[in-house]
Amino acid sequence: MSVQDVLWIVLTVQLCFGLAYFENNQRTQDYDVDKNGSVHHKNWVRNEMMDSLGLYWLKWWINANENSIYFEVTVHTRGFAGLGFSKDGRLARADMVLLWVDDATGHPNALDCHGALYPSSGPPLQDDTQNYDVLDGTQNGTHTIMKFKRKIETCDPFDIPLSPDTFKVLWSIGENDPIHGNLDWHGQSRGVKALQLFSPMFTKNSHSSEGTQKWDITVNNVTIDRSMDTLYWCKIVRLPELTGKQHIIGYEPLLSGKYDRNVVHHMTLFECQSKIYSASDPSSWDLWVRSAGTVCNSNQLTPRDWDSCSTPVAVWSLGSDGQFLPPHAGIPMGGASGASYYMLEIHYDNPDGKESVDHSGFRIHYTPNLRTYDSGILISGVSISETQLIPPGQKKYRSVGICGPSCSSVMFPKDGIKIISGTLHSHQAGRTISLRHVRSGKELNPIIVDENYDYRHQKVHQLANETVVLPGDYLITDCSYETKYRKRPTFGGYSTKEEMCLTFITYYPKIEMSGCYSMTPVREFFEMFRVYQFYSLNMTDVENMFLYNSDYTDLSKQAKNATNISNSGKTSKEDVIYQESLLNKLVISDPAEFHDRTFLSHLNQLPWHDPLFTKRVEQAFITGTHMTFCRVSKDSLSIPSEIIRYPEFTAYVKPPAPCLNYLFTDNEELRSGSSQLFTDFTLSLLLIQLGLRTTLV
């Protein structure tokens, strides 16, 4: 038997095993239910169009038993397809693979590479160890299709360990097969898409037999002027005429205008309880439906009745595609006890001073075929307030919001709620967010973790395994921020230059609760910085300003001698936020050493550059007292706020990485500057092997 015959036999056996293995791992999606009634989704398959024209499709799924992830790419080319994984979306230090079918032999190939650090725009370098296994590959006159797999953690310092975090997935299309010495990643087309590789995803086509209908809810001609840096706009809408109770099975954003993804930052559709106030006029709601809307949260412009619009039914943030629910849960709408009115809230972020007219909103998908469970959305995290403080110049600084037993013990059913998904939300300084879970003095596995959070890509984290949260449990939203290049403190607030720390939780069965938050108590916040009294105001008055948005006495007289932010020179938008801050209007009277300073100027003089001081402040806010709020959606229920200590518990410890060489991967030169001679040598061996096969054929 010749060498050529032996090679052909080996290749045939490899392909047969590969194809059989591939088919065994591409099963239809199903699920099982554990003893607590929670659903565990199995054998799910994701399929994403990577570009806007449908030239590059990526399909993948997880095989947990193998600790492997399977991929299939279908690309409009007879050249190569590039696929990469990156934390920041850049080629430098990215984990990449080049895929192609040899034009001469028809043999499928995968070349494991990484992005060079110097030069960062240069061609990829081949990894010393090849960790992608090709299962099958074909090409026709127009397309290349490749099926392959890799370990989730390969223990290769040039490979990024895959995780539930948000990854920037790089893709490229090349016209020709790769040539030694010319591994050009750029190709004829390339791009980046943010994806969560470990999350299943349901789509509007997943259950097309349900007879779904659409309800489009949009604002009309909202004008964003150049001078508007941040605008929250609210519009009341009425539920369509329905024959009875229906289920919302999903929603998508409807974004208008060429600047939509820069200007429309966040949208929420709230359910309204139109009979919550005794003096309300029911006919007013229909008048508001006919109006164009108004500025949200304005004492002068927003009707008091709109405060009853507090229960979310749809949430969209920058970079999201919306959400579709799994087949056993739907958000109720209509029916005898259902809401008749909803409020659409849109946050416009306009840092570049653009002028536009907006018509954005939601497309709601609903069905009369009711699902097993009524689902709901609740908001948890840090109550939006200037008592949330992030110091300047920080590489990592944490804030936490607590949903504690004062809510869960009263509002959660005996068997608990089951969390389906969550959307993590902070602004530009946010870097990592997690939804933590504490029960009986022990922290359980985090429900959601994103250590690569990016406010521009706030996709829904769909859980493969639903999590049960029981009465008495704690939910802790834990956010960390980076403010290395900021010179002044950042506070909680509605502008993207301010910060938030929230989780929008989708769960079932539905309960009459819309939010579960906490904040640092107002008095403790000021006392943290040794401030005990302000001119003309006692601390109770100050607390009411923060907690209830109370009107405060004209402070101009007491502030006339205060040290305020300088208005000299050009005033930035950050300066405007600082000047309008309540903290810039409160003038210290006690202690005497700080008197006649505004509280804001006092904060600006603190030694934030001292890491020991900053760490003490961070820990004091986290482990100190928290004022918790349980916001219910029915006026018949009332749960007072409560001041609690941060719970004591045994913290969850993440299992150690199985790969010792990850200890060295922080060395950037090691990751992207390995021996070029060795890399070129191993690449040459691969190409020689391919050439030998061609010769033998």
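Strands and cavities in a predicted model

Leucine 269 stands opposite alanine 314 in strand 20. The model is a predicted one, in which local features need pLDDT of at least 70, side-chain atom pairs count only at pLDDT 80 or more, and totals for chains, interfaces and linings use all residues. Residues are numbered from 1 along each chain as its sequence is written, and side-chain values use heavy atoms, with hydrogens and water left out.

Strands (E, at least two residues) and helices (H or I, at least four) are DSSP runs, numbered from the N terminus, and two strands pair if DSSP finds at least two bridges between them.

Elsewhere, 6 strands make up an open sheet with antiparallel pairing, in the order 9-8-7-6-12-13. Strand 9 (125–126) and strand 13 (189–196) are at its edges; each has a single partner strand, so one side of each lacks a neighbour in the sheet. Within this sheet, strand 7 (residues 95–101) pairs with strand 8 (residues 108–114) in the antiparallel sense over 7 bridges. Aspartate 95 is set opposite histidine 114 of strand 8. In a regular strand, side chains alternate between the two faces of the sheet.

A cavity is a set of points, on a 1 Å grid over the protein atoms alone, where a 1.4 Å probe fits but cannot get out; lining residues have an atom within 4 Å of a point. Grid points are joined across faces, edges and corners, and a volume is the space filled by probe spheres set on the points. The count is 3 cavities of 30 Å³ or more.

The largest cavity has a volume of about 140 Å³. It is lined by 14 residues, of which Gln388, Ser399, Val400, Thr520 and Phe621 are the closest to its centre. Strand 29 (397–403), strand 38 (513–519) and helix 10 (611–623) each give two or more residues to this lining, and strand 29 has the largest share, with 4 residues. By class, the lining holds 7 nonpolar, 6 polar and 1 charged. Nonpolar covers Ala, Val, Leu, Ile, Met, Phe, Trp, Tyr, Cys and Pro; charged covers Asp, Glu, Lys and Arg; the others, Gly among them, are polar.

The second largest cavity holds about 50 Å³ of space. Its lining includes Thr166, Gln196, Asp450 and Lys459, and divides into 2 nonpolar, 5 polar and 3 charged residues.

Conventions:
On a 1 Å grid over the protein atoms alone, a cavity is a set of points where a 1.4 Å probe fits but cannot get out, and a pocket is an open set with protein on both sides within 12 Å along at least five of seven lines; lining residues have an atom within 4 Å of a point.
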